[in-house]
Amino acid sequence: MKIASYQELKNWQKKCQNNKNYKINVLVCTGTSCLSSDSQTLVEMLESALESHNLQVEIKVIKTGCFGFCGQGPMIKIEPDEITYVKVKVEDIEDIVENHFLKNTTVKRLLYKEPGQTKLLEKSSEMQFYKKQMRVALRNCGEIDPENIEDYVLNDGYFALAKVLENYSPDEVIKIIKDSGLRGRGGGGFSTGLKWELTRKSPGNEKYLICNADEGDPGAFMDRSILEGDPHSVIEAMIIAGYAIGANNGLIYIRAEYALVTERLRRVITDARKYGLLGKDILGSGFDFDIEIKLGAGAFVCGEETALIRSMEGFRGEPDKKPPFPSQAGFRGKPSNVNNVETFANIPVIILNGAEWFAKIGTKKSKGTKVFSLVGQIRNIGLVEVPMGTTIKEMIYDIGGGHPEEREIKAIQIGGPSGGVITKEYFDTQIDYDSLVEMGAMMGSGGIIVMDEDTDMVQIAKFYLDFIQDESCGKCTPCRIGTKRMYEILERLVNMEGSPEDLNSLRTLGRIIKDTSLCGLGQTSANPVLSTMKYFPEEYEAYAYKTKKTKYSIDPKKCVGCTKCAKACPVECIEGKIREPHIINESECIACGSCYEVCPVNAVIKP
Amino acid sequence: MKNKIMDMSTLDKRLLKELDDYINSLDGDKQEHLILVLHKAQELFGYLPQNLQLYVARKLNLSSARVNGVVTFYSFFNEEPVGKYRISVCMGTACFVKGADKVLERVQDLLKIQKDRISEDGLFTINDVRCIGACGLAPVLTVNDKVYGKVKPNDVDDIIRYYRGLENENS
């Protein structure tokens, strides 16, 4: 069946509504994190249990994308009552079917409680984690069956496309996106509308529209969650963008590691073609557009647009100098427009709700919302979407729930290997493009890593530099050799073989690399080191002046003399009588951390 | 050595035929599809030995240097054989902050090999991977497609014992 006009789409939506004859929908999160905790088995068990009670005609089990609250996964949400069960295990299924569906009573033990509280929360919307969030890009994630095109259409899917093709000229579309203030969500934060305009104005009949799905920041999974949970929205946005810039060919460049997502995209694209939403004469408008998938092969630098284009052409993914910009000469030397997944996910809602609506969300220069993956030493690990301008404090304490063991959080790292740290003194900083850059960090693609007082910042910097070393493409010298030398210095410091002069060398090298590297990856590669050096100079000095403590010790004021540490110590270097403070013999301590792990009162001090 | 690289007779004919069919099925400029072709070749053969790279180069009318350049650039491609059980330790930041380096160390110690190497019995290979997106379960280790979450160094012993056990059962 081909849909050939706005009206036909409308009729189809009505028909989809009528097809929905289930009384109850059971939404099971099958995002990567929940899937890793066996949520696929939950789905199968639910289905067979429902069948054995003959309930499958009334109750439908739907596999959705990421709910976001990964720390509580696997999660199950039952509609229309919105009752949400957390940390569901295989052995809980029978209980849910027995009590919830047959006896109509809620399974209390599977409900969520805020930490330290006893009140059971039935609905996900009551959870602190969701209260300050605003889901725009993630609007359908966890709400619909991502592979079911009817589900998407029911949520006004493809209506933005139909509206565009029926009512707007390409220039009008570009104006809407420009007016909305949407900026690129992949890192730099360039105006999306302006980027489209540049590509539209570039001379030539053959143009390419590219979706950058090469999410490579360690600790970031926003784009993956969008593609998994709502792939049709990205497809729809790509068609709209193609129409705006005058391209008939779309390409999605996706990491080879995302094999499941790639399969899902292939199926979704086939479906869209079947209904005439991709291919020739889309929705009867005369506009042709189709999408091809290009696989990456594991190279972080390919997130940089010129490197990405080289890789799509079958070469090593080495960046090129700009200009010429991809908008002038990109894929196959033709004008090309590259946007990232999250940027695209915003487009359909902007078209449907209007530029003004979008521009009202956020701050003066950063409009809309941003998706973050919130990870590290934080209670509520997960995928979070907040309006721009939300403070870091709100993010980590209100939404994130603070430290899981109530220890002090000393800093966050934002922006991945290109970003920097922000310390607790600055947690009132608003999260938007410009405030973050001012702080020496950057938005990047949106990974936030929370670090507590035990985190060694020099080790963190070394970790990022190791990553950059590994991922540097080798084309330009400052990045290839400069980061290697920086890494060697850090290694020397960490092994207590460094000297105070090393700190100067690190700074100088960092600045030179920043000034002279060819691409964005190289120019920002020293950031993790420079930024940790700026905010935690004492941690570097402790290594450089060799005053760094390397052995564990016990705080006699906190120690209750439970003897657990002495029993756990593999080299038997902890002494003390029962109910009296214990002492670690530092000359024998091998710094294994066993005592630290077992201490019930946090009396062991980490070096 | 040179002859070994040039010698393509050791490659499985049936798999080569499958690779040929795949290349023939591709539309448009075949050279542009080099990375796709290499993905397919690795899927078929398990890894990309140099004679196979040369085969691909001839087939696509590219220089072997160009093909080898691409193979060595991307971390997804292996020039060495891969074990039956691929143990990957996630080294994303979330996992690192939660002690993934200790987990990797334990795996290396237990199997007595470094990362990116294959164990003597050909059963295991170890590598570190970038974020697999299961940060809620950090630190994470995967064996082929099976994900183990919240792994402590001591858990590694059990995990490896389990796969060794599978092998003993089979034999």
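**Note on the predicted two-chain model**

1. In chain A, helix α18 (residues 457-471) and helix α19 (residues 477-494) pack with their axes 10 Å apart and at an angle of about 150°. Since angles over 145 degrees count as roughly antiparallel, that value makes α18(A) roughly antiparallel to α19(A). The crossing by which α18(A) passes α19(A) is left-handed. As with everything that follows, this description rests on a predicted model.

2. The residues behind this helix contact can be listed from both sides. From α18(A) it is made by A:Val458, A:Gln459, A:Ala461, A:Lys462, A:Leu465, A:Asp466, A:Ile468 and A:Gln469, and from α19(A) by A:Thr483, A:Lys484, A:Met486, A:Tyr487, A:Leu490, A:Glu491, A:Leu493 and A:Val494. By class, the residues of the contact of α18(A) with α19(A) comprise nine nonpolar, three polar and four charged.

3. An open sheet of five strands is found in chain A, with the order β12-β11-β15-β13-β14 and mixed pairing. The edges are held by β12 (382-387) and β14 (420-423) of chain A, each of which has a single partner strand, so that one side of each is left without a neighbour in the sheet. On average, and with direction ignored, neighbouring strands of this sheet are turned by 30° against each other.

4. Within that sheet, strand β11 (residues 369-376) of chain A pairs with β12(A) over six bridges in the antiparallel sense; in this pairing A:Ser373 has A:Leu383 of β12(A) as its bridge partner. Helix α16 (residues 392-399) of chain A packs on the sheet, where it touches β12, β13 (409-414), β14 and β15 (447-452) of chain A. The direction of α16 makes about 115° with that of β13(A).

5. A further set of pairings in chain A involves strand β1 (residues 24-29) and strand β3 (residues 76-79), which run antiparallel and are joined by four bridges. One of the residues involved is A:Val26, whose bridge partner in β3(A) is A:Ile78. Strand β3(A) is also joined to strand β4 (residues 83-85) of chain A, by three bridges and again running antiparallel, and here the bridge partner of A:Ile76 in β4(A) is A:Tyr85. The strands β3(A) and β4(A) form a hairpin with three residues between them, and in the turn A:Glu82 has a positive phi of about 70°.

6. Turning to chain B, there are eight helices and four strands, arranged along the sequence in the pattern α-α-α-α-α-β-α-α-β-β-β-α. The C-alpha trace of chain B spans about 50 × 35 × 30 Å along its principal axes, and 35% of the 171 residues of the chain count as buried. Among the contacts in chain B with a separation of 6 or more, 61% are accounted for by residues 24 or more positions apart.

7. The two chains meet where 31 residues of chain B are in contact with 36 residues of chain A. On the side of chain B that touches chain A, α3 (34-45), α5 (64-73) and α6 (93-97) of chain B each supply at least two residues. By class, that side of chain B has 19 nonpolar, 10 polar and two charged residues.

Key
Residues are numbered from 1 along each chain as its sequence is written. Chains are lettered from A and ligands numbered from 1 in the order in which they are written. This is a predicted model: local features need pLDDT of at least 70, side-chain atom pairs count only at pLDDT 80 or more; totals for chains, interfaces and linings use all residues. A residue is buried if 20 or more other C-beta atoms lie within 10 Å of its own, exposed if 12 or fewer, and partly exposed in between; C-beta atoms are placed from the backbone. Two residues are in contact if their C-beta atoms, placed from the backbone, lie within 7 Å. Axes are lines fitted to C-alpha atoms, for helices over the stretch in contact, and angles run from 0 to 180 degrees between N-to-C directions. Angles under 35 degrees count as roughly parallel, over 145 as roughly antiparallel, 65 to 115 as roughly perpendicular and the rest as oblique. A crossing is left-handed if the near helix is turned anticlockwise from the far one by less than a right angle, and right-handed if clockwise. Ala, Val, Leu, Ile, Met, Phe, Trp, Tyr, Cys and Pro count as nonpolar, Asp, Glu, Lys and Arg as charged, and the others, Gly among them, as polar. Two strands pair if DSSP finds at least two bridges between them.
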